[in-house]
Amino acid sequence: MKRREEMTFLERIYVVEIAKGLRVTFGKLLGNLWLHVLHALGRKTAGAAGVAIQYPNVRRPYPARYRGRHRLTLHDNGDIKCTSCFLCATACPARCIYIEASEHEDPNVEKFPKRYEIDTLLCIYCGYCVEACPVDAIRMDTGLHPEVYPADPRLFIEDKETLMERSSLLEEHGPEKLYEMHIQRMQQFEKIVI
Ligand code: SF4
Ligand code: SF4
């Protein structure tokens, strides 16, 4: 399709276009208001009124396959499962996983990550790292939005300990309690910022 380069006279004076925009905005506003009034009166309507979800205090259920915050999974004895194979870091399109591998003192364990970090400000939450991992050592099944930290970019880098602790917390409390804890942290953070 050929794009029209020139504006017409009416478009150039803007007033008509502004009026058109306002007509759409107020049309939607009044339409929604009317639907809400009908709903409040208990009337069923063919259309659904637009609803603002007051996140994070209210939320819609996440789909089962929602890719939430990362966690590093653990063996039953609490040891990290990750074998420092670097496949997740290689697959990551945002280049936001940093791993430092190290020899393990246990001769049965070949390698483990001395350092494992995810820069959550760079992460695009695509889940490729989870797909790439051959030993199920990283998951994004927390069902939560990315963590919110104070306004220092360094604080958004989640280290190995944070990612491991998340697995323990999920195991101990379950996803709903984890969400409550997340909300409490966000509310405290809002109090500091506001
Ligand atoms: S979710 Fe995607 S962008 Fe984020 S760490 Fe994993 S692979 Fe990288
Ligand atoms: S999380 Fe999985 S893919 Fe990434 S380094 Fe560890 S074992 Fe390899």
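1. Gly21 counts as exposed because 10 C-beta neighbours lie inside 10 Å. The terms run as follows: a residue is buried if 20 or more other C-beta atoms lie within 10 Å of its own, exposed if 12 or fewer, and partly exposed in between, with C-beta atoms placed from the backbone. Gly21 has its place in helix H2 (residues 15–40). Its C-alpha is 21 Å from that of Glu5, at a separation of 16 residues in sequence.

2. On the source: this is a predicted model, in which local features need pLDDT of at least 70 and side-chain atom pairs count only at pLDDT 80 or more, while totals for chains, interfaces and linings use all residues. Residues are numbered from 1 along each chain as its sequence is written, and chains are lettered from A and ligands numbered from 1 in the order in which they are written.

3. Overall make-up. The protein has five helices and five strands, and from the N terminus on the order of elements is α-α-β-α-β-β-α-β-β-α. Helices (H or I, at least four residues) and strands (E, at least two) are DSSP runs, numbered from the N terminus.

4. Overall dimensions. The radius of gyration of the protein is 24 Å, whereas a compact globule of 194 residues would have one near 16 Å. That radius is taken over C-alpha atoms, and the globule rule is 2.2 Å times the number of residues to the power 0.38. Along the principal axes, the C-alpha atoms fill a box of roughly 75 × 50 × 35 Å. Buried residues are 15% of the 194. Of the contacts between residues at least 6 apart in sequence, 67% join residues at least 24 apart; a contact requires C-beta atoms, placed from the backbone, within 7 Å.

5. The sheet. Three strands form an open sheet in the order S2-S3-S5, with antiparallel pairing. S2 and S5 are the edge strands, each pairing on one side only. Pairing here requires that DSSP finds at least two bridges between two strands. Strands of a sheet pair through backbone hydrogen bonds, either parallel or antiparallel.

6. S2 (residues 97–103) and S3 (residues 111–119) run antiparallel and are joined by seven bridges; Ile97 has Ile118 of S3 as its bridge partner. S3 also pairs with S5 (residues 157–158), in the antiparallel sense and over two bridges. On that side, Ile118 is the bridge partner of Glu158 in S5, and Asp119 stands opposite Ile157.

7. Ligand 1. The shell holds 14 residues, with Cys92, Cys123, Cys126, Tyr128 and Cys129 the closest. A residue counts as near if its C-beta atom, placed from the backbone, lies within 6 Å of the molecule or strand. By class the shell has 13 nonpolar, one polar and no charged residues. Ala, Val, Leu, Ile, Met, Phe, Trp, Tyr, Cys and Pro count as nonpolar, Asp, Glu, Lys and Arg as charged, and the others, Gly among them, as polar.

8. Ligand 2. Of the 13 residues around this ligand, those that come nearest are Cys82, Cys85, Leu87, Cys88 and Cys133. Its shell divides into 11 nonpolar, two polar and no charged residues.

9. The core. The largest nonpolar core has 14 residues, and Leu72, Cys82, Cys88, Cys129, Cys133, Ala137 and Ile138 touch the most other members. S3 and helix H5 (160–193) are the elements that give two or more residues to this core. Such a core is a set of buried Ala, Val, Leu, Ile, Met, Phe, Trp, Tyr and Cys residues joined through C-beta atoms within 7 Å. Beyond its neighbours within four places in sequence, Cys129 is in contact with Cys88, Ala91, Cys92, Ile97 and Ile138.

10. Thr83. This residue is in the loop between strand S1 (71–72) and helix H3 (87–91). Thr83 is partly exposed because 18 other C-beta atoms lie within 10 Å. Leaving aside neighbours within four places in sequence, Thr83 is in contact with Glu110, Lys111, Phe112 and Val135. Thr83 and Ala101 are 18 residues apart in sequence, with 8.3 Å between their C-alpha atoms.

11. Backbone angles to check. Most residues other than glycine have a negative phi. Phe86, not a glycine, has a positive phi of about 70 degrees; Phe86 is in the loop between S1 and H3 and is partly exposed, with 14 other C-beta atoms within 10 Å. Asp136 also has a positive phi, near 55 degrees. Asp136 is in the loop between helix H4 (128–132) and strand S4 (138–139), and is exposed, with 10 other C-beta atoms within 10 Å.

Conventions: Contact = placed C-beta atoms within 7 Å.
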